[in-house]
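Here's a friendly walk through one protein chain, for anyone meeting it for the first time. Have a look at the picture below, then read on.

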Amino acid sequence: MPNMIDYIDWRGDLTIGQDPFNEVDNLILSEFCFLDLEGIVPAAETGELVPLRAAVEAYFRRHQGQELRMGVLVPDEILTMAARMAESPRFASMGLGGFCSHIDSHREAQFAALTVDIGDGGIYLAFRGTDDTLVGWKEDFNMAFLSTVPSQPMAVAYVKAAAAAHPGKKLVIGGHSKGGNLAVYSAVHCGGRLRRRIRAVYNNDGPGFKESLVETEAYQALRERIHTIVPRSSIVGMLLEHDDNYDVVASCEKGIYQHDGFSWEVLGSRFVRLRDISSAGRTSDRTIRDFIGAMDDTQRERFVDALFEVLGSTNARTLTDLSSDRMGAVTAMIRRYKDFDKETRQTLLEAVGVLLKVSAGDWVEDLEERGQELKKLLNVKK
């Protein structure tokens with residue numbers, strides 16, 4: 001089935017003026033934000049912009065002769081997508097500005113954002129999801145016991161600065177994974193005057209919040225403009241407290257791999273819709289919620305700190321570092337694991353069990369679906 005890259009190939013000749021900005025464009029810009037555009041796109045929110053085509057050309061020129069990889073869990077398809085965007089009348093002339101990227105291991109914060117002048121009187125504020133860094137993943141896990149993580153107020157400040165640098169422009173705010181969480185958080189907390197300028201908020205399979213925002217007056221004022229999109233077997237998007245008003249889309253992947261936006265199926269200018277998330281997705285959500293819910297905030301913090309102490313014992317800074325020397329990493333992690341007390345070791349083992357249970361559920365559902373497909377084929381042949 002076609003995905004975002006196919007969409008660019010098929011509809012990229014239509015400018016925003018010919019075919020209005022849509023949900024697929026939103027996810028494309030959310031993924032585009034993963035490119036490191038430091039020194040290419042203006043960093044300060046002065047309103048200065050560079051054409052997307054020029055930025056992409058500069059990016060590939062800077063890495064000429066190098067093997068480009070986005071990381072273990074960040075899709076390499078982003079590179080192909082960016083090249084197609086630069087050749088496409090729909091995206092090539094969009095203006096890019098306000099690029100920023102911050103990694104702070106002391107504060108356990110990972111934040112990156114990009115402003116895109118869509119060309120229809122609006123700007124898209126793209127918040128990057130979790131990247132390849134262990135710091136970024138640690139911040140995600142901290143959401144289980146912290147009401148606010150550092151990147152959330154940073155996102156609010158970014159929205160305010162971008163809005164001030166582009167007066168009169170309507171705001172579209174979005175992101176994938178943690179970026180979707182930041183999009184919703186910043187829209188809700190940016191203040192009443194700015195909220196009136198917001199045209200739409202896109203949460204692309206982003207996790208919820210420790211404390212629900214849904215019942216707040218600010219969220220309710222925005223609710224009709226917040227578009228939450230999750231794949232059929234969503235796990236990330238179902239975590240923590242979230243609004244039950246979401247659209248379910250088809251994915252060509254199975255299980256947790258459906259979180260990859262490049263697996264979402266596209267038809268025309270929309271994602272292919274499904275009626276609801278899968279039974280395996282609901283079971284996975286319930287399993288993870290039960291595991292997290294059995295711990296108080298202190299226990300959650302202790303668990304998350306222990307988990308990342310194990311990962312940090314390898315001296316790795318990224319998931320790519322971990323995968324490059326797997327034997328050495330496993331040896332170091334086992335050695336650190338043995339140093340913990342019995343209760344902490346038990347909790348870490350239970351976490352592994354939860355992951356295995358979730359993966360097994362996805363595998364069983366995949367077999368069931370394949371069985372149904374085989375039955376249909378056999379019936380046709382009769």
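Ser177 sits in the loop between strand S5 and helix H7, which spans residues 178-189. Keep in mind that this is a predicted model. The phi angle of Ser177 is near 60°, a positive value in a residue other than glycine. Ser177 also counts as buried, because its relative accessibility is 10%, under the 20% cut-off.

Asp205 is found in the loop between S6 and helix H9 (217-222). Asp205 isn't a glycine either, yet it has a positive phi of about 55°. With a relative accessible area of 0%, Asp205 is buried.

His176 lies in strand S5, which covers residues 170-176. Is His176 buried or exposed? At 6% relative accessibility, His176 counts as buried. A polar atom of the His176 side chain lies 2.7 Å from the backbone oxygen of His259. Leaving aside residues up to four places away in sequence, His176 touches Leu27, Ser30, Glu31, Phe127, Gly129, Asn204, His259 and Gly261.

How many residues of H2 are buried? The count is 10 of its 10 residues, and H2 is described as mostly covered. At the start of H2, a side-chain oxygen of Asn22 reaches to within 2.8 Å of the backbone nitrogen of Val24.

**Helices that pack together**

Two packed helices are described by the angle between their axes and the distance between the axes. Here are two pairs from this model.

| Helix pair | Angle | Distance between axes |
|---|---|---|
| H1 and H2 | about 120° | 10 Å |
| H3 and H4 | about 135° | 8 Å |

At that angle of about 135°, H3 is oblique to H4. H3 passes H4 in a left-handed crossing. On the H3 side, the contact is made by Leu52, Arg53, Val56, Tyr59 and Phe60, while H4 brings Leu79, Ala82, Ala83, Met85 and Ala86.

As for the other pair, H1 and H2 are oblique to each other, and their crossing is left-handed. Met4, Tyr7 and Ile8 in H1 meet Val24, Asp25, Leu27, Ile28 and Glu31 in H2.

In soluble globular proteins, nonpolar side chains tend to be buried together. In this chain, the largest nonpolar core has 48 residues, and those with the most contacts inside it are Phe32 and Leu96. Which elements supply at least two residues each? They are helices H1 (4-11), H2 (23-32), H3 (52-62) and H4 (77-87), plus strands S2 (95-104), S3 (109-117), S4 (122-127) and S6 (198-204). H4 gives the largest share of this core, six residues. Apart from it lies another core, of 32 residues, among them Phe111, Ala113, Ala187 and Ile198.

Setting aside residues up to four places away in sequence, Leu96 touches Phe32, Leu37, Val41, Pro42, Glu48, Leu49, Val50, Leu52, Ala55, Leu114, Thr115 and Val116.

**One of those partners: Val116**

Val116 has its place in strand S3. At 1% relative accessibility, Val116 counts as buried. Besides Leu96, the residues that Val116 touches are Leu29, Met94, Gly95, Gly122, Ile123 and Tyr124, again not counting residues up to four places away in sequence. What separates the C-alpha atoms of Val116 and Phe91? The distance is 9.9 Å, and the two residues are 25 residues apart along the chain.

**Stepping back**

The protein chain holds 14 helices and 11 strands. Of its 382 residues, 53% are buried. Among contacts with a separation of 6 or more, 74% come from residues 24 or more positions apart.

Key: Residues are numbered from 1 along each chain as its sequence is written. This is a predicted model: local features need pLDDT of at least 70, side-chain atom pairs count only at pLDDT 80 or more; totals for chains, interfaces and linings use all residues. Side-chain values use heavy atoms; hydrogens and water are left out. Helices (H or I, at least four residues) and strands (E, at least two) are DSSP runs, numbered from the N terminus. Buried means under 20% relative accessible area, exposed over 50%, partly exposed in between (1.4 Å probe, protein chains only). A polar contact is a pair of N or O atoms within 3.5 Å; within protein, one must be able to donate a hydrogen and the other to accept it, and residues adjacent in sequence count only if both atoms are side-chain atoms. Contact means heavy atoms within 4.5 Å. A nonpolar core is a set of buried Ala, Val, Leu, Ile, Met, Phe, Trp, Tyr and Cys residues joined through side-chain atoms within 4.5 Å. Axes are lines fitted to C-alpha atoms, for helices over the stretch in contact, and angles run from 0 to 180 degrees between N-to-C directions. Angles under 35 degrees count as roughly parallel, over 145 as roughly antiparallel, 65 to 115 as roughly perpendicular and the rest as oblique. A crossing is left-handed if the near helix is turned anticlockwise from the far one by less than a right angle, and right-handed if clockwise.
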